[in-house]
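Here's a quick briefing to read alongside the model. Have the viewer open, and we'll go through it topic by topic.

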2 protein chains.
Amino acid sequence: MLDHLSGASRLIPIIGDPVRYVRSPVWLTRTLGARGHNGICVPLEVPVDKLGVVMAGLSASGNVDGILVTMPHKFAAFGYCATSSPRASLFGVVSVMRRNPDATWHGDMLDGLAFVKAQQDHGAQIERARALLVGAGGAGSAIAHALLDAGVGELVVHDADPARVAALADQLAAVGAGRLSSGSADPTGFDLVFNATPLGLEEDDPLPLDTALLSPSMFVGDVIAGHGMTPLLAAAQQIGCSTANGDHMVEAVQDLMADFLLHT
Amino acid sequence: MLDHLSGASRLIPIIGDPVRYVRSPVWLTRTLGARGHNGICVPLEVPVDKLGVVMAGLSASGNVDGILVTMPHKFAAFGYCATSSPRASLFGVVSVMRRNPDATWHGDMLDGLAFVKAQQDHGAQIERARALLVGAGGAGSAIAHALLDAGVGELVVHDADPARVAALADQLAAVGAGRLSSGSADPTGFDLVFNATPLGLEEDDPLPLDTALLSPSMFVGDVIAGHGMTPLLAAAQQIGCSTANGDHMVEAVQDLMADFLLHT
């Protein structure tokens, strides 16, 4: 798989803590190789208080062309970007960085886009659809933005903390144009039902919504990755819903990251 | 080859400038994998004036377990080692670093040892032999030290700058114990004839010594790596000498580096 590793390899570290379970070293390296690019994605474990000193070292290294950013650095890393995409600037958060011509960093946030792409790749129709999104944290905010960008007709966001939904609605007022509202976690009547909470990460987590209220015509998506089928998706599939899981999102993001890093 | 790359991989960057032609990313990664260790050696291009900021970043990263050092950083990197081996301390130079239990760096200098091992692997008998070494720079100094350590009987060192040989003899006085002296590049009467000058790197370089004076019983070794057969070694082989080239030294050093990094 990684036969292109050599002294001439370009590096794209993924910075986070922990990094033990990240999949990009394998997947992005494979994607770059398939595109004929000698780039290697390596995990770099960066404690939360060491981001500055590590960023300085990576910035000074001549063959570090890009950086993937995962928790807990997604917000702090934004501060190291001289320029960024509108979707990154909106929330002040980045998931990936590449060099500008003057070697400064340009940031982007691809998580929401990747989530939407994963749903579309598995058959979801986003445009003009009615969508319920449970969870208005970092992932939920990015997904809400991407859904509105993709032309969703109506977006109801639920969060255990209603103040987060209100804040999100404020941030997305311009792009939302009246389509985003706050609501309950009841999926009745929606075309698309998405979980963007961490519920499903742990075995004894409660469900993010009442699966008895799902119906077969609904498309159900989940952000939880690396855990196989979540209880939410298992219940949805049993009912007859089409689904996409968090691994599909991680898969979708590889292509988007390669496009971003290679300027294609 | 590199199927063990994952989020759990440990990193061993090789720092230098240029790094384009270094072979350790492939060779050391393969060697570590063959020993069942999930460690990846990646090239890191570090400009001469950026060593400090890059060392700070690497030191702060939790999964950077070791660093290989190549030009132009071999002397400067010694300053970042809290502890070092006697052979590294003697010249204030390191080729490889690993973590101490308190996460500071321990340095060693394996180039001389690797050169000696390459000669032995190709049939050279070092103990009690008479050796001529041409070149008393960084490589030559390390090789002289390693030859004395390995029990060479007599070591004559030649350099275009006799002051370098005098300085080397001073530095090695304790370990040399009268076996090291300064002399001409005439190989007549020696068992072992070694080139540690850069001559042979460029196509139109003069030979480091007069090959007409070689005889078939001599073993001839060269430090020049990455250039296939040097004119010196080609002439030596035509005369009937056994030889070892710089690639053999690079090969030998992989095992020594893996031993050092894995504490075996």
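Start with helix H5 of chain A, where A:Gly140, A:Ser141, A:Ala142, A:Ile143, A:Ala144, A:His145, A:Ala146, A:Leu147 and A:Leu148 are buried. Keep in mind that this is a predicted model.

**Helix H5 in chain A**
- Nine of the 12 residues in H5(A) are buried, so the rest of the structure largely encloses this helix.
- H5(A) runs over residues 138-149, and its length checks out: at 1.5 Å a residue it should span 16 Å, and its end C-alpha atoms are 17 Å apart, which agrees.
- As a reminder, an α-helix has 3.6 residues a turn, so residues three or four places apart point the same way.
- Look just past the end of H5(A) and you'll find A:Gly151, which takes a positive phi of about 95 degrees.

**The annotated span**
- An unreviewed UniProt entry puts the annotation "domain: THIF-type NAD/FAD binding fold" on residues 120-162 of chain A.
- In the model, that span is 35% helix and 23% strand, with its end C-alpha atoms 28 Å apart.

**Aromatic pairs**
- How many aromatic pairs turn up in a search of the whole structure? Over all chains, there are two.
- One of them is A:Phe115 with A:Phe194: the ring centres are 5.1 Å apart and the planes stand at 90 degrees, and since planes over 60 degrees apart count as edge-to-face, that's what this pair is.
- This pair links distant parts of the chain, with A:Phe115 in helix H4 (residues 111-121) of chain A and A:Phe194 in strand E12 (residues 192-195) of chain A, 79 residues apart.
- B:Phe115 belongs to helix H4 (residues 111-121) of chain B and B:Phe194 to strand E12 (residues 192-195) of chain B, so the pair ties together parts 79 residues apart in sequence.
- B:Phe115 is buried at 0% relative accessibility, and B:Phe194 is buried at 0% as well.

**Charges over rings**
- A:Arg98 lies over the face of A:Phe260, at 4.3 Å from the ring centre.
- In chain B, the charged end of B:Arg98 sits over the ring of B:Phe260, 4.3 Å from its centre.

**A six-stranded sheet in chain B**
- Chain B has an open sheet of six strands in the order E4-E2-E5-E7-E8-E6, with mixed pairing.
- Strands E4 (43-45) and E6 (83-84) of chain B stand at the edges with a single partner strand each, so one side of each has no neighbour in the sheet.
- Further in, E7 (residues 96-99) and E8 (residues 105-108) of chain B pair in the antiparallel sense over four bridges.
- For a specific contact, B:Met97 has B:Gly107 in E8(B) as its bridge partner.

**How the two chains relate**

How values were computed:
Residues numbered from 1 in each chain as written. Chains lettered and ligands numbered in written order. Predicted model: local features only at pLDDT ≥ 70, side-chain atom pairs only at ≥ 80, totals over all residues. Heavy atoms only, no water. UniProt positions renumbered as here; feature names shortened; annotations may be inferred. Helix = DSSP H or I, 4+ residues; strand = E, 2+ residues; numbered from the N terminus. Phe/Tyr/Trp six-rings, centres within 6.5 Å; stacked < 30°, edge-to-face > 60°. Buried < 20%, exposed > 50% of the residue type's maximum accessible area, 1.4 Å probe, protein only. Lys NZ or Arg CZ within 6 Å of the ring centre and 35° of its normal. Expected span 1.5 Å × (residues − 1). Pairing = 2+ DSSP bridges.
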